[in-house]
Amino acid sequence: MGLLRPSTAHKPLPGSDPGETDAGAARIGNWALAFWMLLLTVAVVLLDALTGNDLPLIPLLVVLPALTSVFCTVRQTTAVAVWVMLVVVASRIASTGPFWDVLFLIGFTALASGLGVAACAARIRHATEVARLRSAAVALQRQILRPLPIVTRQLCAHGLYEPIEEDRFVGGDIYEVVQSPHGTRVIIGDVQGKGLPAIGVGFAALGAFREAAVREPELTAVADSVEDAVVRHNAFSAETGETERFVTALVLGFDGGDRMQVVNCGHLPPRLLCDGSASVVTLHSTSVPLGMAELGGEARAAEWVGFPAGAALLVFTDGVTEARDATGVFYPFDERLGRWVGREPDQVLDALQVDLQSFSGGVRRDDVAVLVLSRPTEGGTAAPGTPT
């Protein structure tokens, strides 16, 4: 009952998180910073010379360390602070003002510069902590899900999974492929809501599916087991003050024949890549999402749909269909998918990933999870998306 995994299927996570590195990175180059500092200093000094002692402008330079602390590194902010100190001290020493006024201005400049450096260090430290927490959430999300592709006796599952790495947006897209005595069972789902609580619900649903997929002979019983797990998790969440959540999901069963069994729990219908075209799989029996069975009033039902030899089935979450461009237009998923029929599963996923990135301009608001399911060949790899 073990699953076969190609050795090149999973790339390990890098040792250093790029988010933490970016948190302390400068947003302006050293040469550009030096140019603007010199330009501003010359401008202020010239204006100070023109206004005379009646309106000294040199003290205005004390705001520069505070401004650079927002965009620059601690080293850059320190350099600006030292530069401002030198300019202020040199200008005051050359002045003929009272000694205590000069001393007060130098002391005030030193204090303001020190606060600017401290503010920069605090900003970078906070941003690094947030990036580290965000990275931990995404790493947890990745550890819950199995690496792809996954090959069983009846199925080969290639996939694309891109969690959104923003702490307030990180979502709960889930998928799993399980080899069981009753064939291969697959689930793909989307937890309502964002953040770590959504990941918790997803973990509860996946744990229940992994156990029930092997234990239960009926696919509807598998879905009911996941339903019970989500309900139990919601009951615990309500006791701790968390929001109750539901999960839209597709639960599929493959026995190696030319049909597959589907239980649709309020999820998006799959697409079938077959005979040179991509079509929406029509599902006549759609029940409420997992965690909301009490509101449905009817038992969940499974239906059989065609899965011809050589075909590929594409299942996905709404991170694909609800992606938008800069004008707010939704991604034309079915139109684009039709262009890639006939390609290998990995090629379809690569094309979809690049096209989504280009369409949305790199701005994503939700996780993206896509599985391309096809029969394995004798060598343990996926069959093409069209009949041979």
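Let's start with strand E11, which is mostly covered: five of its five residues are buried. Buried here means under 20% relative accessible area; exposed means over 50%, and partly exposed lies in between, using a 1.4 Å probe and protein chains only. Strands are DSSP runs of E with at least two residues, helices are runs of H or I with at least four, and both are numbered from the N terminus.

A word on the source. This is a predicted model, where local features need pLDDT of at least 70 and side-chain atom pairs count only at pLDDT 80 or more, while totals for chains, interfaces and linings use all residues. Residues are numbered from 1 along each chain as its sequence is written, and side-chain values use heavy atoms, with hydrogens and water left out.

Back to E11. Ala312, Leu314 and Phe316 point one way. Leu313 and Val315 point the other way, and all of these are buried. In a regular strand the side chains alternate between the two faces of the sheet.

Now the neighbours of E11. Strand E12, residues 368–374, runs antiparallel to E11 and is joined to it by five bridges. Strands count as paired if DSSP finds at least two bridges between them. Leucine 313 has leucine 373 as its bridge partner in E12. Alanine 312 has serine 374. Strand E7, residues 271–274, also pairs with E11 in the antiparallel sense, over three bridges. There, leucine 272 stands opposite leucine 313.

Which strands make up the open sheet, and in what order? Six strands, in the order E1-E2-E12-E11-E7-E8, with antiparallel pairing. The edges are strand E1 (150–151) and strand E8 (277–280). Each has a single partner strand, so one side of each is left without a neighbour in the sheet.

Aspartate 366 counts as buried because its relative accessibility is 13%. What does aspartate 366 contact, leaving aside neighbours within four places in sequence? Ile164, Asp190, Lys194, Asp318 and Gly319. A contact means heavy atoms within 4.5 Å.

Next, strand E3. Eight of the eight residues of E3 are buried, so E3 is largely enclosed by the rest of the structure. Asp173, Tyr175, Val177 and Gln179 point one way; Ile174, Glu176, Val178 and Ser180 point the other. E3 pairs with strand E4, residues 183–191, in the antiparallel sense over eight bridges. A hairpin of two residues joins them. Tyrosine 175 stands opposite isoleucine 188 in E4.

Tyrosine 175 brings us to the rings. How many aromatic pairs does a search of the whole structure find? Five. Tyrosine 161 and tyrosine 175 form one that is edge-to-face, at 6.0 Å centre to centre and 65 degrees between the planes. The pair links distant parts of the chain: tyrosine 161 is in strand E2 (residues 156–162), tyrosine 175 is in E3 (residues 173–180), and they are 14 residues apart. The cut-offs: rings of Phe, Tyr and Trp (its six-membered ring) pair if their centres lie within 6.5 Å; planes under 30 degrees apart count as stacked, over 60 as edge-to-face, and the rest as tilted. Tyrosine 161 is buried, at 12% relative accessible area. Tyrosine 175 is buried too, at 5%.

Why is the pair of phenylalanine 254 and phenylalanine 307 edge-to-face? Because the planes are at 65 degrees, with the ring centres 5.4 Å apart. This pair also links distant parts of the chain, 53 residues apart. Phenylalanine 254 is in strand E5 (residues 247–254), and phenylalanine 307 is in the loop between strand E10 (303–306) and strand E11 (312–316). Both phenylalanine 254 and phenylalanine 307 are buried.

Now the helices. Phenylalanine 71 is in helix H3, residues 63–71. Phenylalanine 71 is partly exposed, at 45% relative accessible area. Its C-alpha atom is 7.0 Å from that of isoleucine 28, 43 residues apart along the chain. Valine 42 lies in helix H2. At 40% relative accessibility, valine 42 is partly exposed.

Last, the totals. The protein chain has 11 helices and 12 strands. Of its 388 residues, 44% are buried. Among contacts with a separation of 6 or more, 71% come from residues 24 or more positions apart.
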